[in-house]
Structures are given as C-alpha cells and as structure tokens.
Amino acid sequence: MRWIDRGPEPDGVAGYAQQFTQGWVDYFQNRVGERPTDHYWGEFRSALGSWSNNICWYCERQCDGEGELDPTVDNFRPRSRFPELVYAWSNWIFSCYRCNYAKLDKWPETGYVDPCAEDPSERPEQYFDYNVVTGEIIPREGLSETARRKALNTIDDLDLNNLGLLEARLERTKEFYELLQKTPASERQAVIDQHVDRPVEHAGVIRMFVENLRRDGVI
Ligand SMILES: [Zn+2]
C-alpha cells in the first residue's frame, strides 16, 4: 500500500450528497424507511481509478479484469456505520472487488490505515514494512501498540498476505532487484525513481523493498 492523492472533488458529488445522504442516515442511523438503492459513487470510479492507473489502492493489483479484479468504489468508513459519509469524496477508495468484499462493513476500533490520509503521519508509509523473504506486508517496527493493531487489522481484514499476493510481490521485487543489479551505481537512483511511488503494480512494495536494501547497506 502507498499513499494516493485522491485529487480534488469532481463536479456532481456535492449534488448527490445533498440529495441522497439523508436517506442513508435515516436508514442506518435513525432506523427509518427502506434501505436506499442509490449507488451513484460508482459514477466516479473512473475518476478515482485515474489517480492510480486503475491499481487497487489496498492490494496494488491492476483492476482491469472481472471477478476478483473487477474495479469498485469502496466506502472506506462503511455505509452501515458512517452513513453521513456515504457521498463524501474523502471516503471513497478505488478498490478491487476482492479487497472491497473482504472488508465489507467491518470497522475495528482502531479503524484501518487510510491510503489517502491527509496527515503525513497517518499514511501507509508510516505503518507498513515488507518482509523480503516471505513477501509479507508487516507492521513497521517502533509503532505504538494502537498503531500496530491498526496495521495488523488492515492486513488481516483485507487479507493482504494471501498466497497470490505474496507470490506477486516476490516476483515483482525479484525482477526489480535483477534490474538494479544490472544498472551502474550512478544510474540506480533514476531506476528507483521509475519504480517507486508510481502508478504501477506493487509500487508501494518496491518502495519498502528499497528502504530495506538501503537499511541493510546493499545499495
Ligand atoms: Zn485490492
């Protein structure tokens, strides 16, 4: 996971918010009426995906397929618990179907790590590290107990260490490392810049991998 700048709110969101938010609040908070059927956040899926070249903001896979890789808009704070945010641009996450479905309407006491956190101290970079041997995303060392639980809840509930993701990360980091080894030292930084924090699959993992290599004095 890496930080994503969601960009400015597009035209049209405010209108939907004004028209439809109360229906969700009435249903979930006030327990009045029928469950609303409007899902107009879906209209903004392409706008959200354009910030990451359609890469899921949670698992960093390209969402261009069907089934698990079907692109969706996730309500970061779930509708059932935060109906007042149902049409909040700041609450929408571009997500693959798999991550969205894994998360559903869960919301642990710690909340989850927000890929779009405005506060730099709350961004994914502050929470996660990468195990280069297993391919796992793990909590960074030195986190407070609460922050560590937040990182673990995010990893567990989104199933970010399933076998397919571990294999994909190991493959990606292996390719990147081989490329780095072939690159003269003077040009390495340029190669790193091309792969870190870019809208490509597992860019957040590559960033953590580079941090590991630097920490271990390999580069
Ligand atoms: Zn995903």
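Two residues are in contact if their C-beta atoms, placed from the backbone, lie within 7 Å. The legends below describe a predicted model, in which local features need pLDDT of at least 70, side-chain atom pairs count only at pLDDT 80 or more, and totals for chains, interfaces and linings use all residues. Residues are numbered from 1 along each chain as its sequence is written.

**View 1. Overall fold of the chain.** The secondary structure comprises eight helices and four strands; helices (H or I, at least four residues) and strands (E, at least two) are DSSP runs, numbered from the N terminus. From the N terminus on, the order of elements is α-α-β-β-α-α-β-β-α-α-α-α. Along the principal axes, the C-alpha atoms fill a box of roughly 65 × 35 × 30 Å. Of contacts between residues at least 6 apart in sequence, 67% join residues at least 24 apart.

View 2. Phe-28 lies in helix H1 and is buried, with 20 other C-beta atoms within 10 Å. A residue is buried if 20 or more other C-beta atoms lie within 10 Å of its own, exposed if 12 or fewer, and partly exposed in between, with C-beta atoms placed from the backbone. Leaving aside neighbours within four places in sequence, Phe-28 is in contact with Arg-79, Ser-80 and Pro-83. Phe-28 and Glu-84 are separated by 56 residues in sequence and by 9.5 Å in space, C-alpha to C-alpha.

**View 3. Phe-94 in strand S2.** Phe-94 belongs to strand S2 (residues 92-96) and counts as buried, with 29 C-beta neighbours inside 10 Å. Beyond four places in sequence, the contacts of Phe-94 include Arg-45, Leu-48, Cys-56, Trp-57 and Val-73.

**View 4. The largest nonpolar core.** A nonpolar core is a set of buried Ala, Val, Leu, Ile, Met, Phe, Trp, Tyr and Cys residues joined through C-beta atoms within 7 Å. The largest has 41 residues, and those with the most contacts inside it are Cys-56, Tyr-58, Cys-59 and Phe-209. Helix H1 (13-28), S2, strand S3 (128-130), helix H5 (145-157), helix H6 (163-182) and helix H8 (203-215) each supply at least two residues of this core. H8 gives the most, with five residues. Outside four places in sequence, Tyr-58 is in contact with Met-1, Ser-95, Cys-99, Pro-115 and Leu-158.

View 5. The buried residues of H6 are Leu-165, Arg-169, Arg-172, Thr-173 and Phe-176. Seen down the helix axis, they fall within an arc of 95 degrees, so they line one face of H6; the arc is that of the directions from the helix axis to the C-beta atoms. What covers these buried residues includes helix H7 (188-195) and H8. Among the exposed residues on the face turned away are Leu-163, Gly-164, Glu-167 and Glu-171.

**View 6. Helix H5 and its covering elements.** Lys-150, Ala-151, Thr-154 and Ile-155 are the buried residues of H5. These residues lie within an arc of 130 degrees down the axis of H5, so they line one face of the helix. Their cover includes helix H4 (124-127), S3 and strand S4 (137-139), whereas Glu-145 and Thr-146 are exposed on the other side of H5. Asp-159, which follows H5, has a positive phi near 55 degrees.
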